[in-house]
Amino acid sequence: MDDPTALPDIVRRLVDTALGADGDSSPALRRAVADRSAAFTGAPRDPGDIPDELTTLVDKVARNAYKVVDEDYDRLRDAGYSEDALYEFTVAAAVGASLGQFERGLEAMKRARARR
């Protein structure tokens, strides 16, 4: 890998599948969810324009996933989201947070190499 901040192919494929494949939610919305989640890690991302009712779930997954409770999903089901869409949003938020942390780690390695 010439650029130490470039994502490995396997990671890029995982991200593309999770965020870009057909599903109950649109790929654009899943990408916005992932961007909002990644922004919490300090990754340089536009936090994504998502519907207000999704912000609580996305923010919890990004910051403290263990705090997500059944009521979070019940509220979104009541708002009209399908089980599949809720799963897709949860995965997108987790991918975004993980990817943001991964990118920050790669950037730190790049800075450390530059100081040598």
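## The chain and its salt bridges

The protein chain exposes about 7,000 Å², and carbon and sulfur atoms supply 50% of that area; accessible areas here come from the Shrake-Rupley method with a 1.4 Å probe, and for residues only the protein chains shown count as cover. This is a predicted model, in which local features need pLDDT of at least 70 and side-chain atom pairs count only at pLDDT 80 or more, while totals for chains, interfaces and linings use all residues. Residues are numbered from 1 along each chain as its sequence is written, and side-chain values use heavy atoms, with hydrogens and water left out.

The protein chain has 5 helices and 0 strands, where helices (H or I, at least four residues) and strands (E, at least two) are DSSP runs numbered from the N terminus. Along its principal axes, the C-alpha trace spans about 55 × 25 × 20 Å. Of the 116 residues in the protein chain, 36% are buried; buried means under 20% relative accessible area, exposed means over 50%, and partly exposed lies in between, with a 1.4 Å probe and protein chains only.

The charged side chains come next. The protein chain carries 17 positive and 22 negative side chains, and the centres of the two sets lie 11 Å apart. Lys and Arg count as positive and Asp and Glu as negative, while His and the chain ends are not counted; the place of a charge is taken as NZ of Lys, CZ of Arg, CG of Asp or CD of Glu.

The structure holds 6 salt bridges, a salt bridge being a side-chain nitrogen of Lys or Arg within 4 Å of a carboxyl oxygen of Asp or Glu.

| Salt bridge | Closest N and O atoms |
|---|---|
| Asp59 and Arg36 | 2.7 Å |
| Lys60 and Asp72 | 2.9 Å |
| Arg77 and Glu83 | 2.2 Å |

Asp59 counts as buried, at 18% relative accessibility.

Arg77 counts as partly exposed at 33% relative accessibility, and Glu83 is partly exposed with a relative accessible area of 48%. Salt bridges that share partners join Asp74, Arg77 and Glu83 into one network.
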